[in-house]
Amino acid sequence: MVSFCVAGRRAFLGQIRILPGLPSMLRRPYSLDISAELLRTQGFINGRWVSAPDTFPVLDPATGEELAQVSDCGPQQARDAVSSAYKAFLSWKCQTAKERSALLRKWFDLVNQHNEDLAKLITAECGKPLKESLGEITYSASFLEWFSEEARRVYGDIVPPAAKDRKMLLMKQPVGVASIITPWNFPSAMITRKVAAALAVGCTVVVKPAEDTPLSALALAELAVQAGIPPGVFNVVPCSREKAPAVGEILCTDPLVSKISFTGSTATGKVLLKHAAGTVKRVSMELGGHAPFIVFDSADVDKAVAGALASKFRNSGQTCVCSNRFLVQSGIHDAFLEKLGKAMDAELRTGHGFEPTTTQGPLINVSAAEKVEHHIEDAVSRGAVVLKGGKRLEGSFMQPTLLSNVSTDMLCMREETFGPLVPVVKFNTEEEALAIANASEVGLAGYLYSQNLSQIWRVAEQLEVGMVGVNEAVISAAEGAFGGVKQSGLGREGSKYGIDEYLEVKYVCIGGLTL
């Protein structure tokens with residue numbers, strides 16, 4: 001067992017064993033040195049650390065070994081958190097925008113101050129390489145900064161009336177308590193992207209982090225305390241996979257909750273939408289993606305290859321905006337495959353996230369690896385050719401895999417893989433590429449590489465997605481509007497539009513005026 005121990009003001013995660021299926025250089029043990037104050041394992045309700053009757057294990061996805069035992073909050077703790085958030089809302093909404101802005105800014109400063117420890121927690125419980133985890137903390141902090149600034153820019157309107165004896169006002173007010181349900185692949189950034197917007201306008205929140213990655217959420221709660229966020233404004237209810245449905249139902253049906261924000265699978269999102277319908281709650285849903293990555297004959301092939309690596313293999317392919325379907329025009333198809341294969345050999349290294357040379361960590365669990373393996377087997381059975389990788393390693397590790405001779409009837413072209421698999425389809429015309437790209441029930445992100453400006457405009461406008469990267473594979477930013485179309489969700493996060501998800505517009509008509 002791997003467990004936390006405290007020495008002075010630092011805590012140490014005991015030795016992390018590296019699985020024997022990986023290269024011998026990666027089999028050495030690691031010791032994780034983290035500030036003791038950030039290693040929290042209880043729920044956080046009304047400004048207090050709360051134990052539940054039971055606990056559940058958090059596992060290192062690279063080894064399957066236990067990292068910590070965390071309080072397994074249930075329906076009662078969820079209700080307590082909602083009640084606390086509602087009571088806090090009555091006073092939090094009355095604070096000035098400047099006051100809320102200052103507290104978010106303090107939180108931002110603390111996240112940056114503890115960035116290395118927070119990144120280590122992400123790598124330990126999520127598995128992504130430490131360099132990527134550091135990048136996530138920067139991304140996570142950016143939302144606290146952005147919405148601390150936007151807090152003071154929530155304006156209403158004075159509307160010219162048709163009658164002379166009245167004035168018409170449009171006021172923006174916070175919706176109330178927001179339930180925040182987040183995924184494991186960005187255990188810090190998906191929280192701050194939602195919570196910062198909510199708190200900026202005067203809402204209070206109850207966060208249910210993914211059962212795989214609660215430690216990052218609880219560390220954020222500790223820093224919220226240090227920043228001076230009042231009790232009840234930010235609550236965290238970690239729970240096991242077994243209790244998640246019951247806790248999620250409470251957070252979606254409690255009459256004191258006014259808003260639900262969820263990031264996760266489309267299937268789970270549909271369940272939550274049904275729960276929300278009973279009390280007609282406001283919802284934001286960032287659901288599954290199936291991103292096309294289109295490379296036209298006019299593209300700079302080297303830049304397209306670099307973009308393919310960045311958009312596919314970040315977090316071992318486990319992001320909602322990862323490219324999933326690679327469409328390459330016939331004129332450069334062979335050159336693209338050759339260069340991509342060489343780049344994969346040169347730049348990708350599989351191993352534990354704490355190994356400095358690692359670029360590809362484990363998938364989140366064995367089931368995730370089995371899904372990727374199944375997609376590869378299905379493609380090969382239908383005629384696909386494995387050019388690179390294709391094999392399952394020990395535990396939840398998968399080899400980065402490149403497939404050619406892929407057709408649209410293969411499972412990897414019909415479902416989101418969520419793993420390090422690159423299936424390449426050859427196409428001939430722009431119209432053909434668009435037809436394949438848009439033949440999906442979801443539409444979160446899409447990417448295209450071309451140097452033809454007219455083509456760029458045509459394709460960007462016709463792609464049925466919420467976000468488009470043109471000659472650019474890393475498009476997420478606090479300033480950008482993040483969200484999808486079709487069954488990829490509802491609403492937008494980040495940007496100036498993300499704050500509107502937590503606001504109601506109240507119309508006030510003042511009549512009988514003598515002017």
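In strand β16, the residue that stands as bridge partner to I294 is L327, and I would like to start from that pairing. Strand β15, residues 291–295, and strand β16, residues 323–329, run parallel and are joined by five bridges, where two strands are said to pair if DSSP finds at least two bridges between them. Strands here are DSSP runs of E with at least two residues, helices are runs of H or I with at least four, and both are numbered from the N terminus.

A word on the source: this is a predicted model, in which local features need pLDDT of at least 70 and side-chain atom pairs count only at pLDDT 80 or more, while totals for chains, interfaces and linings use all residues. Residues are numbered from 1 along each chain as its sequence is written, and side-chain values use heavy atoms, with hydrogens and water left out.

Rings of Phe, Tyr and Trp (for Trp, the six-membered ring) pair if their centres lie within 6.5 Å, and planes under 30 degrees apart count as stacked, over 60 as edge-to-face and the rest as tilted. A search of the whole structure finds eight aromatic pairs. For F44 and W49, the ring centres are 4.7 Å apart and the planes are at 50°, so this pair is tilted. F44 itself is buried, with a relative accessible area of 3%.

Let me turn to another sheet, an open one of three strands in the order β8-β9-β25, with antiparallel pairing. Because β8 (157–159) and β25 (503–510) stand at the edges with a single partner strand each, one side of each is left without a neighbour in the sheet. Between β9, residues 167–174, and β25 there are eight bridges in the antiparallel sense, and P174 stands opposite L503 in β25.

Finally, L256 lies in the loop between α7 (244–253) and β13 (257–263), and L256 is partly exposed, with a relative accessible area of 30%.

Definitions and conventions. Buried < 20%, exposed > 50% of the residue type's maximum accessible area, 1.4 Å probe, protein only.
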